[in-house]
Amino acid sequence: MRYSVSLAVLAVCLGGLRSQAEAHDFRAGVAAIDISPETLPAIINGGFLRRDADQVRDPLFARAFVLDDGQTRIALCVVDTCMMPRELIDEAKALASDRVGIPTDRMMVSATHTHTAPAAMGCLGCPVDPVYAASLPSKIAEAIITAANRLEPAILGAAVVDDFDHTFCRRWIYRSDRMLTDPFGHRTVRANMHPGHQNPDAIGPSGPVDPALSVLAIQTADGKPLGVLANYSMHYYGTDAISSDYFGRFSTTLAEELGGGEGLVVSMSQGTSGDLMWMDYGAPTPNRDVLAYADAVAEVALGALKNLSYRDDVTLAMAEAPLTLGRRLPDDDRQDWARSVRSAMEGEEPRAIPEVYALEQFHLLDVPERELKLQAIRIGDVAITAIPNEVYGITGLKLKAASPLPITMNIELANGADGYIPPPEQHALGGYTTWPARTAGLEVEAEPKIVATLVELLETVSGSSRRPVRPQGGSYAQSVVEAGPIATFRLDELDGSRPANLMGGAPAHVEPGVALALPGPEGSAFVGANEEPNRAIHCAGGRLIADQIDLEGSYSLAFWFWNGLPTDARAVTGYLASIGPDANPDAPGDHLGIGGTHADLQAGRLFVFNGNSANDVRVGRTELPRREWCHVVLVRDGARVRVFLNGNPEPEIDAELPVTRPIADNLLVFGGRTDRFAGLEGKLDEVAVFDRALTAEDVASLFEAATSNDHD
């Protein structure tokens, strides 16, 4: 089991901004109201098309937590439903505010995102269940009202558990020759959800995991369990309708383990899981059991709660801001296509995915902008961000990295439901979570705008500035710096359009078709003082360009790479590094690649090529492992070229190779070739550029720096 607990910092700082002498008025109230449908069958959303269900397999609840520090009162309510429109939630808040006086901008209402609940809103090819949706606002309000009427003196504690065992990236990058077709009839899908276990057409995940399982625990003044608000980035498990999915089972199991009786309310809120789910698609298909899964996650949470420290000097703050964003509207060609499909349907409900997306184009045209309601909440020194979208794991990591507070919980599908917000770089990879519709229709730059607004709100509620985002460091990176490169790029950025140069020079840039923050080489040498995991970029059609670097004469390129493409897939498996004129079709220069099926190469071995005119090729000795990290150094010293692999002082390649590129005005590329031919389909990390020829001893020393700490 790979999880760790962070408790100590929270045990001393939950008091927040007021002194202890002023802050002992903390009270809390909790409530759970059954929101199971009273009329069956009910329409169920969460899929592309309509479903109906006539059985409640386990009850649905609205679980509310009302907190009061004597000056500020807030309400949090988590609802067992797939998603809710802002209008429905606003109605529920207004009903509750009229009864208990909590301002609506001091309320947060979110959906768990179970895919087996009645449709509180229309989604893709599934219409809203009008009877159920009409009944929901009063029940949500009842939960908040009941919790507010149960306020009593309380104490509070919090913990974070990094649980990597129960959530994984569900969105995988496909091979360039195995791309999928989108609903509009175009072959654009380079990354998509649910590829299937160990699918040979899929190379690897398209994004990182946010593994944090956070728990905010409330007890009565005499130490009896009163409430637990948990948060985890796992999309949903999958059950038969009507069901609260794993969210409900987690809540009942943890409540039973805590022994709190009927008065104890436990809720699992939805984290940043737009691209995350419980399946590890790199492993064989497991036995499927939602109850066992929920119980296992509850056990992890219970372990954190057992050693928790509680405080009664808890202060509260909450801030809210609107953000108006445009939608990606269909162009004339897509509108013509959509009209043609709609006409052929003759008024019938959609029965196929293309029909669903044809109708969605008209929804986008009808409402070309959306106003989002964003919130930040401070409970002591715990932060909560509330986001009305389905948010990728990397976005959650960005918010936590920038948050001024020690622990940050990100709750998605809160205060509305405005679709997926892929980071900009993910739009270039296509797939379901990018297809324009109400489920994913916001502008390409929506994600950074949402992050920026939320970080500002976090600063407001904390009274502190955001944490600066810096390169992670690590002993290997320090060893590279000490070796004196003219540029080195860790490639660990969460927002990596301009990877930082640790030597202080110009940053690099990544082209569209590069995914960020994937796992890099493992080992303590790659981990910085903040103990964040080592991260790398994944090239899937895009390249890393080292800007403002024009090497003359002797040079060396040192980096780590991970190839995901089979070596029998194409003539050249992939180019790793390249220097020469930009986009020259003759490709003069030095090009380091991995051999494929071409007759002059050997599959799976390194080679150096100096362009189409000279057509000189030198091939290495070692067959490279697929899907494993390798360290490579390309050294040009006059006419001599050497290539070193994994620190071996004996070169893979040592040959005279004529220089074919011009002296100046060259492009330095990693993960591809200067003319864009046969780019790497895999990962890069720890890129360093030297303006001199490294020796075999220099190369061995660099590689030793990556492994020595693990042998201590």
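Helix H12, which covers residues 696–707, has twelve residues and reaches 17 Å from its first C-alpha to its last, close to the 16 Å expected at 1.5 Å a residue; the expected span is 1.5 Å times one less than the number of residues, and helices (H or I, at least four residues) and strands (E, at least two) are DSSP runs numbered from the N terminus. The model is a predicted one, in which local features need pLDDT of at least 70 and side-chain atom pairs count only at pLDDT 80 or more, while totals for chains, interfaces and linings use all residues. Residues are numbered from 1 along each chain as its sequence is written, and side-chain values use heavy atoms, with hydrogens and water left out.

Within H12, the residues Ala696, Val699, Leu702, Ala705, Ala706 and Thr707 are buried, a term that stands for under 20% relative accessible area, with exposed meaning over 50% and partly exposed in between (1.4 Å probe, protein chains only). An α-helix has 3.6 residues a turn, so residues three or four places apart point the same way. The cover over the buried residues of H12 includes helix H11 (475–482) together with strands E28 (555–563), E33 (629–637), E34 (640–645) and E37 (681–690), where contact means heavy atoms within 4.5 Å.

The aromatic side chains come next. Rings of Phe, Tyr and Trp (its six-membered ring) pair if their centres lie within 6.5 Å, and planes under 30 degrees apart count as stacked, over 60 as edge-to-face and the rest as tilted; by this rule the count comes to 17 aromatic pairs. In one of them, the ring centres of Phe184 and Tyr357 are 5.9 Å apart and the planes stand at 80°, so the pair is edge-to-face. Because Phe184 lies in the loop between strand E10 (171–174) and strand E11 (191–193), whereas Tyr357 belongs to helix H7 (residues 353–366), this pair ties together parts that are 173 residues apart in sequence. Phe184 is buried at a relative accessible area of 7%, and Tyr357 is buried at 0%. Another pair, Tyr246 with Phe247, has its centres 4.6 Å apart and its planes at 40°, and is therefore tilted; Tyr246 and Phe247 are both buried.

Ring pairs also link Phe48, Phe184, Trp337, Tyr357, Tyr420, Tyr432 and Trp435 into a cluster. Phe184 has a charged neighbour as well, since Arg334 lies over its face at 3.6 Å from the ring centre; a charge sits over a ring if NZ of Lys or CZ of Arg is within 6 Å of the ring centre and within 35 degrees of the ring normal. Elsewhere, the charged end of Lys683 sits over the ring of Trp562, 4.6 Å from its centre.

Charges also meet one another: the structure holds 34 salt bridges, each a side-chain nitrogen of Lys or Arg within 4 Å of a carboxyl oxygen of Asp or Glu. Glu349 and Arg50 form one of these (3.5 Å, N to O). Glu349 lies in the loop between helix H6 (332–345) and H7, and Arg50 in the loop between strand E3 (42–44) and strand E4 (51–53), so the bridge ties together parts that are 299 residues apart in sequence. Glu349 is partly exposed at 41% relative accessible area, and Arg50 is partly exposed at 34%. In the bridge between Asp675 and Arg673 (2.7 Å, N to O), Asp675 is partly exposed at 21%, whereas Arg673 is buried at 4%. Salt bridges that share partners join Arg86, Asp90, Glu371 and Lys373 into one network.
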